[in-house]
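Here's a quick briefing to read alongside the model. Have the sequence and the 3D view open as you go through the topics below.

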Amino acid sequence: MFNKILVANRGEIALRVIRAAREMGIQTVAVHSTADSDAMHVRMADESVCIGPPSATQSYLSIPAIIAACEITGAEAIHPGYGFLSENANFVQVIEDHGLTFIGPTAEHIRVMGDKITAKDTMKKLGVPCVPGSEGGVPTLEEAKRLGEAIGYPVIIKATAGGGGKGMKVAQSSEDMEKAFRTARAEGKSNFGNDEVYIEKYLTTPRHIEIQVFGDGKGNAVHLGERDCSLQRRHQKVFEEAPGPAISAEERARIGKVCADAIANINYIGAGTIEFLYENGEFYFIEMNTRLQVEHPVTEAIFGVDLVREQIRVAEGLPMSFTQDELTINGHAIEVRINAEKLPNFAPCPGRITQYHAPGGLGVRMDSALYDGYSIPPYYDSLIGKLIVHGRDRPEAMARLGRALGELIVDGVETTVPLFHALLAEADVQSGDYNIHWLEHWLETNLGDA
Ligand code: ADP
């Protein structure tokens with residue numbers, strides 16, 4: 001059993017990990033930049049270490065600073081949360097070289113899945129259905145144009161190192177190809193230091209369906225159903241739910257087994273998410289995230305499990321605490337991501353919180369690091385909280401979401417809460433009838449957000 005773990009993150013996810021550790025009787029170490037001295041994760045952890053100035057590159061992304069914090073405090077393992085170093089294979093390598101444990105997958109699995117071309121190739125070989133497209137990288141514009149004709153427009157050009165919606169461009173026709181190809185390459189180069197791109201058929205009305213998987217690193221793996229994360233702005237999720245309103249029990253069991261078998265086959269350890277586009281009853285793999293996702297609480301709600309606890313358990317070499325047969329779905333859960341952003345353009349809106357009140361009651365979970373008087377620093381992500389509701393069925397969860405949003409008070413900064421009030425009034429959202437483009441169209445029509 002670990003005695004002490006270090007949480008290499010900030011904000012709500014750092015609290016999430018600290019909470020799980022505390023319930024397991026494990027001591028926690030928070031790390032923070034000078035901008036986060038007063039942050040909730042620092043207050044909540046048993047110990048804290050300042051690891052650098054506000055800039056993330058010099059603090060939350062500084063591998064030497066984080067390793068030093070481990071050595072000073074005697075922490076034996078590191079939980080990376082999501083974002084920052086959570087999918088950095090080199091970080092995992094350095095942790096292991098120092099005789100510490102990374103709470104997550106192996107460096108090798110992170111490397112394989114972090115390169116989208118290799119990931120797709122690996123998944124294809126493991127029997128996972130993929131989006132039709134190029135075999136590997138596409139080095140020249142001529143080749144891209146030839147493939148565009150062969151696959152059939154529209155197509156999407158994606159940077160193999162891309163993430164967070166960056167490095168992806170759609171070409172509607174061969175006339176668009178040159179610009180899309182060059183832009184995707186340039187974005188790959190400038191954001192991820194790698195200009196290799198590949199091409200996929202662009203699906204016009206898919207849903208984003210992702211399967212939560214979990215492995216023990218010894219060839220055992222399970223799936224915890226799907227999340228529907230189709231409501232997106234600029235390829236970023238804003239509203240997530242489980243189970244998916246369009247997925248039947250048979251489809252869930254079938255694709256879930258394909259995913260669990262795939263990761264069992266490679267001895268995957270820890271939590272992972274296999275992302276698909278889903279159109280006309282077919283699943284098409286797009287990528288695998290080798291970490292805990294922001295939206296993991298909806299899965300926790302319907303399965304009644306603590307995914308962070310499981311991550312810590314398997315990192316210690318313990319077995320998972322459930323089998324596939326024991327994982328049954330109970331009700332429906334929805335999460336909304338609350339950002340400190342000003343509508344209609346979603347401009348970041350950091351500042352001081354003059355009043356904060358979290359909603360409560362049956363089936364309500366608020367994961368947030370806010371408190372009265374807290375100042376949101378301008379240096380990091382604008383996510384300030386996740387409101388998760390759980391009901392016996394989807395209508396109950398929707399009603400609960402509306403009720404809980406009404407109780408939430410965040411004064412002092414602008415937030416995306418009004419967006420959710422408006423969305424809940426939409427018939428398509430009420431009925432779950434949406435695809436990955438629905439929200440962008442809605443924003444354009446209702447807020448003039450282009
Ligand atoms: P990232 O790593 O940047 O998150 P993903 O490959 O996961 O990129 O894709 C993010 C989103 O981009 C998807 O949820 C979907 O909305 C859109 N997308 C990706 N590939 C396609 C495709 N082939 N057709 C249509 N939309 C796509």
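Helices and strands here are DSSP runs (H or I with at least four residues for helices, E with at least two for strands), numbered from the N terminus. This is a predicted model, where local features need pLDDT of at least 70 and side-chain atom pairs count only at pLDDT 80 or more, while totals for chains, interfaces and linings use all residues. Residues are numbered from 1 along each chain as its sequence is written, and side-chain values use heavy atoms, with hydrogens and water left out.

- P243 sits in the loop between β11 (236-242) and α9 (249-265), and the peptide bond that joins A242 to P243 is cis, with omega at about -5°.
- Another cis peptide bond runs from L343 to P344, with omega near 10°; P344 is in the loop between β15 (341-342) and β16 (347-348).
- H235 isn't a glycine, yet its phi is positive, near 65°. Look for H235 in the loop between β10 (221-233) and β11.

**Domains and the cavity**

- The protein splits into domain 1 (4-103), domain 2 (132-201) and domain 3 (207-446), with bounds that come from an automatic or database domain assignment.
- Between the C-alpha centres of domain 1 and domain 2 there are 36 Å.
- There's one cavity of 30 Å³ or more. On a 1 Å grid over the protein atoms alone, a cavity is a set of points where a 1.4 Å probe fits but cannot get out, a pocket is an open set with protein on both sides within 12 Å along at least five of seven lines, and lining residues have an atom within 4 Å of a point.
- The largest cavity holds about 50 Å³ of space, the volume being the space filled by probe spheres set on grid points, which are joined across faces, edges and corners.
- Its lining is made up of H79, P80, G81, S86, F102, I103, G104, P105, T290, R291, L292 and Q311.
- Because domain 1 (4-103) and domain 3 (207-446) both give residues to that lining, the largest cavity lies between them.
- By class, this lining has five nonpolar, six polar and one charged; nonpolar covers Ala, Val, Leu, Ile, Met, Phe, Trp, Tyr, Cys and Pro, charged covers Asp, Glu, Lys and Arg, and the others, Gly among them, are polar.

**Second largest pocket**

- About 160 Å³ of space lies in the second largest pocket.
- Helix α6 (residues 116-125) supplies the largest share of its lining, four residues.
- The lining includes I117, K120, D121 and K124, along with C130, V131 and Y198.
- Five nonpolar, three polar and four charged residues line the second largest pocket.

**Helix packing**

- Helix α4 (residues 89-97) and helix α5 (residues 107-114) pack at about 175°, with axes 8 Å apart; axes are lines fitted to C-alpha atoms, for helices over the stretch in contact, and angles run from 0 to 180 degrees between N-to-C directions.
- α4 and α5 are therefore roughly antiparallel (over 145 degrees; under 35 is roughly parallel, 65 to 115 roughly perpendicular and the rest oblique).
- A89, V92 and Q93 in α4 meet A107, I110 and R111 in α5, where contact means heavy atoms within 4.5 Å.
- That contact of α4 with α5 divides into four nonpolar, one polar and one charged.
- Helix α13 (residues 417-424) and helix α15 (residues 438-447) have axes that come within 13 Å and cross at roughly 105°, which makes α13 roughly perpendicular to α15.
- L419, A422 and L423 of α13 touch W438, L439, W442 and L443 of α15, giving a contact with seven nonpolar, no polar and no charged residues.
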